[in-house]
Amino acid sequence: MTKTITLVPGQITMPQLRAVWDGSARLALDAAAWGPVRASAAAVRTIVEAGKPAYGINTGFGKLANTHIAEDQLEALQTNLIRSHSVGVGPLMDDGVVRLILAMKIASLARGFSGIRPLVLETMIEAYNAGILPCIPSKGSVGASGDLAPLSHMTLALMGEGRVRVDGVERNAADALGEAGITPIQLAAKEGLALINGTQASTALTLQGLFLAERVFAAAIAAGAMSVDAARGSDAPFDARIHEVRGQPGQIAVAARYRELLAGSEIRQSHLTNDDRVQDPYSLRCQPQVMGACLDLLRGAVTTLTIEANAVSDNPLIFEHEGHWSVLSGGNFHAEPVAFAADTLALAIAEIGALSERRIALLIDASLSGLPAFLIPNPGLHSGFMIAHVTAAALASENKSLAHPASVDSLPTSANQEDHVSMATFAGRRLTDMAKNTAHIVGIELLAAAQGIDFHRAMKTSVPLEKVHAQLRAEVPFHSDDRYLAPDLEAAQRMVLSGIFDHAAHDLLPSIEG
């Protein structure tokens with residue numbers, strides 16, 4: 001952790017969230033946040049002392065909201081809540097996702113509407129900065145009444161129960177906290193409910209999907225531009241006038257980027273005249289239209305997820321007006337906005353891969369690309385990229401199934417008290433698999449396009465695309481004859497997911513910098 005992010009509740013930015021995700025930043029809380037936190041915690045104490053029923057403070061939960069709980073049992077009520085709700089299953093969430101969950105939960109509770117003590121937030125910040133990350137199973141939330149099971153596992157670890165990961169190694173939570181000098185939390189009235197109501201798990205999963213999608217998008221822009229030159233395609237479809245008369249903002253921005261990436265190409269200059277092809281296939285010609293539409297979806301998800309990362313999404317909430325406190329029950333824990341954002345990201349990720357797969361198919365087809373069949377110098381004896389394309393096709397097809405919207409499904413829970421849910425947690429979780437699939441597809445295209453560029457030597461492509469070509473060739477050599485190809489495909493995917501090609505979209509998305 002090389003820097004410190006000061007969380008200002010309600011003002012967290014997308015670059016800050018990316019820094020939390022990649023583990024490069026410690027956390028601190030803005031000093032101005034502590035006053036409202038203390039005030040709302042004092043309000044809870046006042047409510048408890050008055051004895052008036054208030055949901056989640058001195059009552060049961062969900063269908064048991066009408067059950068009054070005695071004051072001497074309120075701590076046990078909160079502890080029992082966490083233990084009973086820690087029922088997640090499946091693989092553990094990635095460390096980056098867990099860091100996001102912790103950071104967003106801290107920021108949400110620090111808005112001062114949740115009645116939580118400063119001590120709880122201090123403990124969460126200490127655990128985060130010590131690299132103590134709760135083990136949170138990835139399955140078991142329907143994305144309404146909050147991400148109850150995932151956030152319960154988070155809270156359980158802060159109580160010194162369950163398991164944590166430190167530097168990638170699983171440990172008992174009590175041992176890890178003790179060695180770091182952190183005292184486990186003893187939950188007070190309302191605190192367990194405040195910690196587990198909320199959309200932070202589904203939002204964190206969707207943010208990871210967004211960050212990976214942005215990297216895949218940037219690499220696909222570079223790959224698509226390189227494929228144009230490899231196939232000796234035209235840059236006329238990227239003319240600004242075409243896109244201005246349609247008016248779609250993403251399309252206009254992406255077309256401009258393709259013009260920049262292809263400017264000065266010797267390969268393009270070589271076939272400006274005496275080229276008998278009238279129009280390129282859609283996978284080359286319509287890149288601004290398709291990738292621009294994907295960019296618009298990515299930008300829309302950025303807006304929704306930035307809002308949600310700053311949101312107060314637990315229940316009930318505590319409001320002050322003219323010296324009087326009100327406890328209001330609502331439904332901010334319903335993650336429908338996150339589910340919709342995740343579903344639209346799924347569409348974008350699937351389409352980026354689908355278009356890339358079509359360009360791979362074009363490049364290996366000698367009748368379309370004018371290149372040697374399957375991009376190998378001696379086709380027949382060698383198969384070249386024949387089956388690499390099959391891999392791309394398989395992954396593109398898999399993404400089509402995964403892209404089915406999760407938000408259209410709902411199963412009632414809690415004896416029909418929670419009778420409509422968002423399924424946002426699965427909606428966000430499947431994005432990582434989809435992005436990794438598309439990263440493989442785009443990686444294969446990058447290798448195929450680089451192979452095509454090599455066949456045009458001694459002519460060069462543009463300066464920015466020669467940079468991409470050099471980055472690829474630093475890891476994967478020219479494919480002169482058949483060799484064990486799977487490691488090359490893995491290397492290309494790693495490069496895509498590492499963000500090494502982010503420069504191709506450096507100012508198109510707010511969380512991609514420089």
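Predicted model: local features only at pLDDT ≥ 70, side-chain atom pairs only at ≥ 80, totals over all residues.
**The whole chain**

Count up the secondary structure and you get 20 helices and 9 strands. The radius of gyration is 26 Å, close to the 24 Å that the globule rule gives for 514 residues, so the chain is as compact as a globular protein of that length.

As for what's tucked away, 57% of the 514 residues count as buried.

| Item | Value |
|---|---|
| Accessible surface | about 20100 Å² |
| Share of that surface from carbon and sulfur atoms | 54% |
| Positive side chains | 39 |
| Negative side chains | 53 |
| Distance between the centres of the two charge sets | 2 Å |

**A look at D343**

Now zoom in on D343, which sits in helix 15, spanning residues 336-364. Is D343 buried or exposed? Its relative accessible area is 6%, so D343 is buried, the cut-off being under 20%.

What does D343 touch, leaving out residues up to four places away in sequence? The list is P405, A406, S407, A427 and R430. With R430, the side chain of D343 also makes a polar contact of 3.1 Å, side chain to side chain.

Technical notes
Residues numbered from 1 in each chain as written. Heavy atoms only, no water. Helix = DSSP H or I, 4+ residues; strand = E, 2+ residues; numbered from the N terminus. Rg over C-alpha atoms; globule rule 2.2 N^0.38 Å. Buried < 20%, exposed > 50% of the residue type's maximum accessible area, 1.4 Å probe, protein only. Areas by Shrake-Rupley, 256 points an atom, 1.4 Å probe, with all protein chains shown as cover. Lys, Arg positive; Asp, Glu negative; His and termini not counted. Charge placed at Lys NZ, Arg CZ, Asp CG, Glu CD. Polar contact = N/O pair within 3.5 Å; in protein donor to acceptor, adjacent residues only side chain to side chain. Contact = heavy atoms within 4.5 Å.
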